[in-house]
Amino acid sequence: MPPRVQSIPWTGTRAVLLIHGVGNAKVGDYVDLVGQIERVLGPASAESVVYTFYYDQVNDWFADKQQAGLLVGSFLQSMRSLLATVQLDVSDPVSLGNSIADLVGDVVWPVLLADARNAVKSTLIEQLFQIVEDAGTAGVPPRQMELSVVAHSMGCFHLYETLQTIAEDTSLGLGPVSGGLQLANVIYMASPVQLIRSVMERIAVLVPQKESIRSLSKPLAIPVQSSVEESRPLARHTAAITGNLDPVGGHFFRAEPAWAFMNMAGQDTIIDQQQLASVNGSEALDLTEVLHTALRDRSAPVITPNNPHSWSEYVRRHEADLRTWLVPA
Amino acid sequence: MTRTRARRPSASNRIRLSAAVVSIAWSATLGAQPPASRVEEVTLGDAMRSLTIAAQVGKMNVKRPLAQHVLDSLMGAFASARLTSVPVEQIARTLQPNAKGGPLVTARAINREQVETRTGAFREGVLRLNGIGNTEVMSSLRSEAVPGDSITKLLAPFDALVAATRAAARARNRDAIARFERKYGPDSPRLNYLEVGLNYAAQFVPGFKSTESGGPSPLELIASYSSLSMKLNDSSSATANLVSAGRLGLRVYFFGDGWGQDGRFMRYLKPAHGSLGLLSLGPQDDPLQRAWGRGYRLGPFVAWGDLFAGYVGGSNHGLVVGTNKFIIPRVF
């Protein structure tokens with residue numbers, strides 16, 4: 001059975017497409033995140049639809065068919081040696097390197113198997129076709145669509161590659177010039193695109209059909225389509241949000257190496273000041289406040305470790321930004 | 001002497017004025033040639049006319065003269081190539097990468113004349129037309145404050161061309177996904193470790209490369225060892241032995257419609273793949289033996305779906321039949 005894409009009846013002119021990151025997401029996962037986005041939309045959610053793009057079924061095809069352990073090994077080794085060249089003030093750089101390498105290992109399929117990356121890209125393009133069809137069924141032509149895309153982690157890589165392909169292949173009719181569809185927002189959360197690019201450059205000799213990987217064969221840039229006298233970016237607004245403790249987003253204990261952080265000209269960059277732990281449910285570590293609270297409650301502060309890569313936390317921290325972008329006044 | 005300044009019309013008046021212009025222009029078009037009532041009946045000529053009128057309404061010749069010049073040139077080229085009567089759905093199919101024939105052939109069929117327009121140039125021309133309509137024409141209309149509803153009505157034939165382009169692209173994209181599924185999906189042949197390595201390396205070789213618009217290559221390398229083979233001896237004793245066989249060859253996936261269907265019989269009549277290559281047996285007709293090295297026997301094989309048949313020569317020659325199934329997954 002081919003991978004299913006979501007089809008939702010439109011109730012207005014606005015839609016949000018969510019693209020998840022690494023993991024083993026199944027249809028129905030991310031329901032909580034959809035709820036978060038609907039809360040961000042507020043009253044406008046009644047006239048908005050929220051899609052979620054699932055692509056792990058496609059990844060599973062390749063995982064089941066192929067055993068790429070040997071290739072994974074060289075990929076991870078390259079990642080570790082790359083990290084070893086960075087002077088980081090961390091107590092256990094080997095452990096950090098391993099954890100990052102294991103995480104980045106999830107990108108092995110799209111990097112080392114051209115069919116794998118093209119299959120995911122084709123499926124994402126199919127999802128976009130379906131969204132345009134859903135809008136058309138509701139009488140909303142592409143030029144009136146207010147479609148925003150929010151991607152997290154590895155989803156950012158697939159989104160970046162897909163948008164660049166749409167910009168280049170005008171016969172798809174999905175861009176602002178080729179199809180009259182200009183995305184309202186493209187929001188990358190914890191994007192590993194630059195990180196993956198750096199790793200791919202290290203193992204370039206192993207990467208097949210490099211020219212088909214836009215994030216490797218060309219400088220990172222916001223995709224644009226041009227007509228005779230006008231050029232238009234695929235999205236009116238592009239934002240990249242990451243945390244300064246999120247290694248997938250290109251930050252290593254608050255360091256921001258150029259080889260890891262995605263920094264495209266024209267993007268709206270937001271770097272969250274993250275903490276390793278929350279005290280009493282808050283990331284704001286004000287010692288005075290902590291002591292006051294402890295004295296008042298006569299109990300020790302509750303310290304809980306944070307996941308700097310959590311998608312829902314990114315959304316929570318940026319509810320106001322998202323509201324401004326997704327539902328402009 | 002009192003000078004009276006010509007008053008600039010208010011925003012609402014400008015909208016009414018533009019709407020009236022659109023209405024008049026559209027009416028004129030209606031009079032000249034009735035627009036197609038159904039999207040399937042919209043022709044390239046209809047789309048061109050709607051763009052021409054929209055460009056006039058938006059005063060594009062003043063605001064974006066270069067775009068107007070290119071638009072006029074494209075109109076002239078399409079008209080002289082006598083392609084204006086070709087339905088946009090047919091036009092759209094030719095815009096997809098690797099499309100063959102197309103409007104050039106259609107135009108020849110319609111006009112019984114040699115058309116000089118080259119298909120490649122035609123493709124670029126129509127895509128450029130799409131671009132001008134979606135950007136320069138649209139910007140011109142908006143700068144004249146033409147209401148959205150009027151734009152939608154005015155550009156309906158042009159929008160039909162863009163929608164047809166998207167529909168053709170979607171069909172092509174779905175076809176690519178179906179091919180990926182046939183080659184890699186749950187019903188596809190599994191690869192052993194050696195085959196994984198060989199097919200990884202094959203990605204660098206022309207013929208085995210994936211294409212972004214068309215999906216995977218239909219080719220896949222085989223280097224397998226199977227313990228579920230049966231050798232039918234040619235000798236007078238007419239015995240059969242369970243043997244282990246090695247195979248080195250090429251698998252070809254059938255991506256055409258109707259192939260790779262499920263069903264007890266259809267999967268054998270029109271399977272998802274076939275293959276051919278060389279088959280080897282060890283020196284003895286025994287199972288779980290090496291199929292190479294000293295004393296091995298070699299012969300051709302052909303596979304149809306999961307079934308294969310081969311023939312080995314030598315002193316102990318005979319027909320070998322078997323299946324692609326593994327006893328131990330991914331190994332043999």
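How many bridges join strand β5 of chain A to strand β8 of chain A, and do the two run parallel or antiparallel? The count is 6 bridges, and the strands run parallel. The structure is a predicted model.

## Chain A in outline

Chain A has 329 residues, of which 47% are buried. Its secondary structure comes to 12 helices and 11 strands. Consider the contacts in chain A with a separation of 6 or more: residues 24 or more positions apart account for 77% of them.

## The parallel sheet

β5 and β8 belong to an open sheet of 6 strands in chain A. The strand order is β3-β1-β4-β5-β8-β9, with parallel pairing. β3 (48-53) and β9 (268-272) of chain A take the edges. Each has a single partner strand, so one side of each lacks a neighbour in the sheet. On average, neighbouring strands are turned by 15° against each other, direction ignored.

Within the sheet, β5 of chain A covers residues 183-189 and β8 of chain A covers residues 235-243. A:Tyr188 sits opposite A:Ala240 of β8(A). Helix α7 of chain A, residues 154-168, lies across β1 (14-19), β4 (146-152) and β5 of chain A. This helix runs at about 135° to β4(A).

A:Ser48, A:Val50 and A:Thr52 point one way from β3(A). A:Val49, A:Tyr51 and A:Phe53 point the other way. Residues on both faces are buried.

The partner of β3(A) is β1(A). These two strands pair in the parallel sense over 6 bridges. A:Arg14 stands opposite A:Ser48 of β3(A).

## Where chain A meets chain B

The contact between the chains takes 44 residues from chain A and 49 residues from chain B. On the chain A side, the elements giving two or more residues are α2 (56-65), α3 (69-84) and α6 (114-137). α6(A) gives the most, with 10 residues.

What is the make-up by class of the side of chain A that touches chain B? That side has 19 nonpolar, 16 polar and 9 charged residues.

## Nonpolar cores

In soluble globular proteins, nonpolar side chains tend to be buried together. Here the largest nonpolar core holds 121 residues. Those touching the most other members are A:Leu17, A:Leu18, A:Val149, A:Met189, B:Ala47, B:Ala54 and B:Val88. Helix α9 of chain B, residues 156-184, gives the most to this core, with 12 residues.

B:Ala54 touches B:Val137, B:Leu141, B:Leu154 and B:Leu155, not counting residues up to four places away in sequence. Another core, of 10 residues, lies apart from the largest one. Its members include B:Leu279, B:Leu281, B:Ala291 and B:Ala303.

## Helix α10 of chain B

Which residues of helix α10 of chain B are buried? In this helix, residues 193-202, the buried ones are B:Glu195, B:Val196 and B:Asn199. They cover an arc of only 105° around the axis, so they fall on the same side of α10(B). The buried residues of α10(B) pack against β1 (219-233) of chain B.

Methods. Residues are numbered from 1 along each chain as its sequence is written. Chains are lettered from A and ligands numbered from 1 in the order in which they are written. This is a predicted model: local features need pLDDT of at least 70, side-chain atom pairs count only at pLDDT 80 or more; totals for chains, interfaces and linings use all residues. Two strands pair if DSSP finds at least two bridges between them. Helices (H or I, at least four residues) and strands (E, at least two) are DSSP runs, numbered from the N terminus. Axes are lines fitted to C-alpha atoms, for helices over the stretch in contact, and angles run from 0 to 180 degrees between N-to-C directions. Two residues are in contact if their C-beta atoms, placed from the backbone, lie within 7 Å. A residue is buried if 20 or more other C-beta atoms lie within 10 Å of its own, exposed if 12 or fewer, and partly exposed in between; C-beta atoms are placed from the backbone. Ala, Val, Leu, Ile, Met, Phe, Trp, Tyr, Cys and Pro count as nonpolar, Asp, Glu, Lys and Arg as charged, and the others, Gly among them, as polar. A nonpolar core is a set of buried Ala, Val, Leu, Ile, Met, Phe, Trp, Tyr and Cys residues joined through C-beta atoms within 7 Å. The arc is that of the directions from the helix axis to the C-beta atoms.
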